[in-house]
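Subject: Handing over the model

Hi,

Here is the structure I promised to pass on.

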Amino acid sequence: MIVKIENEFLTAEISGLGAELYSIRDKTDGHEFLWQGREEIWSGRSPILFPIVGRLMDDSYRYNGTEYKMAKHGFAREMPFEAVSQQGNAAVFLLKSSDETRTQYPFEFELYVRFELNGRSLTATHTVVNKNDGDMYFSIGGHPGFNCELGYSLVFDETETLLTETIGADDALRLPDRTPVPGDGREIVITGDIFNDDALILSGLTSKAVTLKSRNHDRTVRFTFGDVPFLGIWAKPGAPYVCIEPWFGVNDNRDRKDDISEKEGIQRLVKGGQFELVYTAEVK
C-alpha cells in the first residue's frame, strides 16, 4: 500500500510497510529528492528505526532478567502500519504492540508517524506512546536518504567540533575512539571514501539543521533535526545518496549492560507518556 499526499509544490509517497517515506518530488519539474532504493546498493529509502537504533551486542539485550533478541535497527521498518488518516497534504500511520512484537520487545506501545507537506517542506513527526503500567525503554531514529553525487556538501548552521565515533567492522559496535571529520567544522564534503568505516556518528551538536548542497546547481535540502543527542550520516561508499539520521539512541559499545534501562542513549518514558521525534526536510 502506497499513500500519496501533495500540495501546490510537492508530492510525497509513503509505504504502509514500515511507514517508510518513498518519495519527495517537485511538481514543477518532476525532480525526485529522495533516494529510490537499489537492491545492488541499498534497497532502503527512509526506514524508521524503533525500538532500537543501530546494533545490539550479540543482537540481544536483557530486561528484568530475561534475554530478548532483536536485529539491527529494530522491527518497525519491517512491519505493516495502519493508515489511520489521509487528507490532502497529510497522512498518519500507526503501529501497535502485538504478540509478534512482544517476542522481541516486552512493552506495550503505540507508534504514530505523521507526514505533512507545508510549502516546500515535509515534516515527519514520530510519536511514541507508553501503554504499560510502568516505565518503557526505547530508542527511535529517522534514516532518510537523499539523492546526491560525490562532491556535494553538508553544511551545518554553526561551526562544530566534528568528531565521529567509529564502528567495528566485525560486529558493528561502537569503538572508544573518536576521530576528526575532515573539513572546517561547518562543511562535510561527501567523498568516495568518507564512509569507508561506516556511518559518521556525531553528538553534542550546536546546530539544529544541516543543508545538502551542490556546487553544480541551486537545488538544496535543508534538514532540521532539532535537539537530537546523536546525528548519523551514512551512505554506501561512493553511492549517489546520503542519509541524514536523527537518533534518540545509538549502537551498543563493547561494554555489556545487564539491563536495557542502562543502555547508552536509551529513552525512558513514564506510564501514559508520549515522546516525539520530529524532522523537517525543506527542498528548494
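Let's start with His143, which is buried because its relative accessible area is 6% (buried means under 20%, exposed over 50%, and partly exposed in between, with a 1.4 Å probe and protein chains only). You'll find His143 in the loop between β11 (140–141) and β12 (145–147); strands are DSSP runs of E with at least two residues, numbered from the N terminus.

Before going on, bear in mind that this is a predicted model, where local features need pLDDT of at least 70 and side-chain atom pairs count only at pLDDT 80 or more, while totals for chains, interfaces and linings use all residues. Residues are numbered from 1 along each chain as its sequence is written, and side-chain values use heavy atoms, with hydrogens and water left out.

What does the side chain of His143 make a polar contact with? The partner is the side chain of Glu245, at 3.4 Å. A polar contact here is a pair of N or O atoms within 3.5 Å; within protein, one must be able to donate a hydrogen and the other to accept it, and residues adjacent in sequence count only if both atoms are side-chain atoms. Leaving aside neighbours within four places in sequence, the residues in contact with His143 include Trp42, Arg45, Ser46, His73 and Trp234 (contact means heavy atoms within 4.5 Å).

Ser46 sits in the loop between β3 and β4 and counts as buried, because its relative accessible area is 3%. Not counting residues up to four places away in sequence, Ser46 touches Glu20, Leu21, His143, Pro144 and Tyr279. His73 is in the loop between β5 and β6 (82–87), and it is buried too, given its 8% relative accessibility. His73 also has a positive phi of about 70°, although it is not a glycine.

The structure holds 1 cavity of 30 Å³ or more, and the largest cavity has a volume of about 30 Å³. Among the residues that line the largest cavity are Ser46, Pro47, His143 and Tyr279. The largest pocket has about 420 Å³ of space. It is lined by 23 residues, of which Trp42, Pro47, His73, Arg77 and His143 are the closest to its centre. The elements giving two or more residues to that lining are β3 (20–26) and β21 (241–248).

How those were found: on a 1 Å grid over the protein atoms alone, a cavity is a set of points where a 1.4 Å probe fits but cannot get out, and a pocket is an open set with protein on both sides within 12 Å along at least five of seven lines; lining residues have an atom within 4 Å of a point. Grid points are joined across faces, edges and corners, and a volume is the space filled by probe spheres set on the points.

On to the rings. How many aromatic pairs does the structure hold? There are 21, where rings of Phe, Tyr and Trp (its six-membered ring) pair if their centres lie within 6.5 Å. Ring pairs link a cluster that includes Phe50, Tyr63, Phe75, Tyr105 and Phe275. Arg45 lies over the face of Tyr22, at 4.0 Å from the ring centre; for a charge to sit over a ring, NZ of Lys or CZ of Arg must be within 6 Å of the ring centre and within 35 degrees of the ring normal.

The peptide bond from Phe50 to Pro51 is cis, with omega near 5°, and Pro51 is in the loop between β3 and β4 (60–63). Asn64 has a positive phi of about 50° without being a glycine. Asn64 is in the loop between β4 and β5 (66–69) and is exposed, because its relative accessible area is 62%.

Finally, two other spots. Gln86 is in strand β6, and its side chain reaches the backbone oxygen of Lys4 at 3.0 Å. Asp198 lies in the loop between β16 (187–189) and β17 (200–203) and is partly exposed, with a relative accessible area of 29%. Leaving aside neighbours within four places in sequence, Asp198 is in contact with Ile167 and Trp234.

Cheers

Key. Rings of Phe, Tyr and Trp (its six-membered ring) pair if their centres lie within 6.5 Å; planes under 30 degrees apart count as stacked, over 60 as edge-to-face and the rest as tilted. Helices (H or I, at least four residues) and strands (E, at least two) are DSSP runs, numbered from the N terminus.
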